[in-house]
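Please keep the sequence and the model side by side while reading.

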Amino acid sequence: MLNNTATDNDYGYASSDYGTPGSVQHVDASTAVVSGNKSTVTNCIEMWDYVGGIRFRGFVAETEGEKAMFVFFDQAVMQSSGDLKAGLMGLLELCEMPYFGCDRLVVAIDRAADSKALMKDLGWIGFGLATLEDFVYDDDMHAEVTSQQWLFMEMET
């Protein structure tokens with residue numbers, strides 16, 4: 001997903017045109033978002049799972065040579081009637097591609113959604129609860145590493 005213009009949305013990155021279904025476009029590193037903290041957003045992604053009928057949106061963040069793919073399980077994903085298995089497999093495969101080269105996949109689950117069953121299922125396949133500690137500034141010992149809106153679960157790829 002390429003997005004260099006427009007306004008911020010609930011996902012924390014600018015968006016105006018989400019491209020066509022199935023597209024993954026390169027974001028030039030010179031235009032990558034630098035938070036001023038510890039990590040850099042190097043790519044934004046949008047993946048359509050035609051099997052489950054679900055759209056996944058997220059970004060790749062790099063910190064100290066390690067890359068993580070963050071994907072948002074918002075209300076649309078949580079309320080979909082489709083199976084998440086094919087989509088998760090696709091996301092894990094994207095993480096392993098040399099272009100992305102992510103060491104871990106982090107899913108951000110909307111706290112407002114009923115997610116107990118999903119969290120249990122993700123736990124069975126290897127996901128565990130996570131914080132943003134690796135992606136925030138080290139010198140501020142009181143930095144907020146949890147979110148009031150998102151619950152983070154991660155898996156090494």
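Is Asn 43 buried or exposed? Asn 43 is buried, because its relative accessible area is 6%; buried stands for under 20% relative accessible area, exposed for over 50% and partly exposed for values in between, with a 1.4 Å probe and protein chains only. Asn 43 belongs to strand β4, residues 40-49. Its side chain and that of Tyr 99 are joined by a polar contact of 3.2 Å (a pair of N or O atoms within 3.5 Å, where within protein one must be able to donate a hydrogen and the other to accept it, and residues adjacent in sequence count only if both atoms are side-chain atoms).

The model is predicted: local features need pLDDT of at least 70 and side-chain atom pairs count only at pLDDT 80 or more, while totals for chains, interfaces and linings use all residues. Residues are numbered from 1 along each chain as its sequence is written, and side-chain values use heavy atoms, with hydrogens and water left out.

The protein has three helices and nine strands, taken as DSSP runs numbered from the N terminus (helices H or I, at least four residues; strands E, at least two). Their order along the sequence is β-β-β-β-β-β-α-α-β-α-β-β. Of the 157 residues, 44% are buried. Among contacts (heavy atoms within 4.5 Å) between residues at least 6 apart in sequence, 60% join residues at least 24 apart.

| Residue | Relative accessible area | Class |
|---|---|---|
| Asn 43 | 6% | buried |
| Gln 149 | 38% | partly exposed |
| Glu 64 | 68% | exposed |

Glu 64 sits in the loop between β5 and β6. Its phi is near 50°, a positive value in a residue other than glycine. Most residues other than glycine have a negative phi.

Gln 149 lies in the loop between β8 (128-130) and β9. Leaving aside neighbours within four places in sequence, Gln 149 is in contact with Ile 109, Asp 110 and Arg 111.

Beyond its neighbours within four places in sequence, Leu 91 is in contact with Ile 45, Met 47, Phe 56, Met 69, Val 71 and Leu 105.

α1 (75-78), α2 (85-96) and α3 (116-124) each supply at least two residues of the lining of the second largest pocket, and α3 gives the most, with five residues.
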